Amino acid sequence: MIEYKVTPDLDHDLAHELYVASTLGERRPIDDHERFATMLREADLIITAWDGDLLVGISRSVTDWVWYTYLSDLAVRVSHQKQGIGKELMRRTQAAAPQATVLLLAAPAAADYYGHVGFTQKTNAWALAPNERITE
Ligand SMILES: CC(C)(COP(=O)(O)OP(=O)(O)OC[C@H]1O[C@@H](n2cnc3c(N)ncnc32)[C@H](O)[C@@H]1OP(=O)(O)O)[C@@H](O)C(=O)NCCC(=O)NCCS
């Protein structure tokens, strides 16, 4: 049975191991210790899934609780994927701030996932990467 918890103080090394075991670590700066620690510390909402003592899933969000919840990371351990854990983590993320719209940027491998589980694709999303600047 999978247990879900709100874990604001998630252990850095456990999180690092999960990001590797889910493959999400390939697209996150997990080996920059301070940056990854900041991602964990400054998140507003971290919900984790546990199979006994084994951390098997995470939903990590930045939210104002009433308008938008940005789902920064969703990851499930490869050995535990396709068992509904990702969906349950997102259900609980939405339930934690029920007035807020949940937003995210899909990884290429998950491009079809979010539509499949109920999200609406938006064409009016815009991003400004750290190496991009507002024009003069
Ligand atoms: C994407 C991810 C979080 C999905 O988690 P999961 O627990 O395996 O997904 P669920 O079990 O909740 O899947 C729910 C449904 O989506 C389907 N699904 C799962 N992964 C999918 C994918 N990558 N593409 C399309 N559909 C997918 C499942 O088959 C299931 O379908 P069903 O309800 O018809 O049976 C997980 O595969 C993962 O961690 N991937 C690597 C990291 C990553 O890419 N994260 C997303 C960053 S944006």
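**Exercise 1. The nonpolar core**

Determine how many residues the largest nonpolar core of this predicted model has, and which of them have the most contacts inside it.

*Solution.* Step 1: The largest nonpolar core of the model contains 19 residues. Step 2: Those with the most contacts inside this core are L18, A75 and L89. Step 3: At least two core residues come from each of α1 (12-22), β2, β3 (54-63), β4 (68-76) and α3 (85-96). Step 4: Leaving aside residues up to four places away in sequence, L18 touches L55, I58, A75 and R77. As a general background, nonpolar side chains in soluble globular proteins tend to be buried together.

**Exercise 2. The sheet and its edges**

State the order of the strands in the open sheet, and explain why one side of β1 and of β5 is left without a neighbour in the sheet.

*Solution.* Step 1: The five strands of the open sheet follow the order β1-β2-β3-β4-β5, and their pairing is mixed. Step 2: β1 and β5 (101-103) stand at the edges and have a single partner strand each, so one side of each lacks a neighbour in the sheet. Step 3: On average, neighbouring strands of this sheet are turned by 25 degrees against each other, direction ignored. Step 4: Helix α3 packs on the sheet and touches β1, β2, β3, β4 and β5. The direction of α3 makes about 35 degrees with that of β3.

**Exercise 3. The shell around the ligand**

Identify the residues that come nearest to the ligand, and sort the shell by class.

*Solution.* Step 1: The ligand has 21 residues around it, of which V76, Q81, G86, K87 and Y113 come nearest. Step 2: The elements β4, α3 and α4 (113-116) give two or more residues to this shell. Step 3: By class, eleven residues of the shell are nonpolar, seven are polar and three are charged.

**Exercise 4. Exposure of three residues**

Classify L40, W65 and K82 as buried, partly exposed or exposed, and describe the setting of each.

*Solution.* Step 1: The cut-offs are 20 or more other C-beta atoms within 10 Å for a buried residue and 12 or fewer for an exposed one, with partly exposed in between.

Step 1: L40 belongs to helix α2 (residues 33-42). It has 19 C-beta neighbours inside 10 Å and therefore counts as partly exposed. Not counting residues up to four places away in sequence, L40 touches L10, H12 and A15. L40 and R60 are 20 residues apart in sequence, and their C-alpha atoms are 7.9 Å apart in space.

Step 2: W65 is located in the loop between β3 and β4. With 13 C-beta neighbours inside 10 Å, W65 is partly exposed. Although W65 is not a glycine, it has a positive phi of about 80 degrees.

Step 3: K82 is located in the loop between β4 and α3. Because 8 other C-beta atoms lie within 10 Å, K82 is exposed. K82 is not a glycine either, yet it has a positive phi of about 60 degrees.

Technical notes
Residues are numbered from 1 along each chain as its sequence is written. This is a predicted model: local features need pLDDT of at least 70, side-chain atom pairs count only at pLDDT 80 or more; totals for chains, interfaces and linings use all residues. A nonpolar core is a set of buried Ala, Val, Leu, Ile, Met, Phe, Trp, Tyr and Cys residues joined through C-beta atoms within 7 Å. Helices (H or I, at least four residues) and strands (E, at least two) are DSSP runs, numbered from the N terminus. Two residues are in contact if their C-beta atoms, placed from the backbone, lie within 7 Å. Two strands pair if DSSP finds at least two bridges between them. Axes are lines fitted to C-alpha atoms, for helices over the stretch in contact, and angles run from 0 to 180 degrees between N-to-C directions. A residue is near a molecule or strand if its C-beta atom, placed from the backbone, lies within 6 Å of it. Ala, Val, Leu, Ile, Met, Phe, Trp, Tyr, Cys and Pro count as nonpolar, Asp, Glu, Lys and Arg as charged, and the others, Gly among them, as polar.
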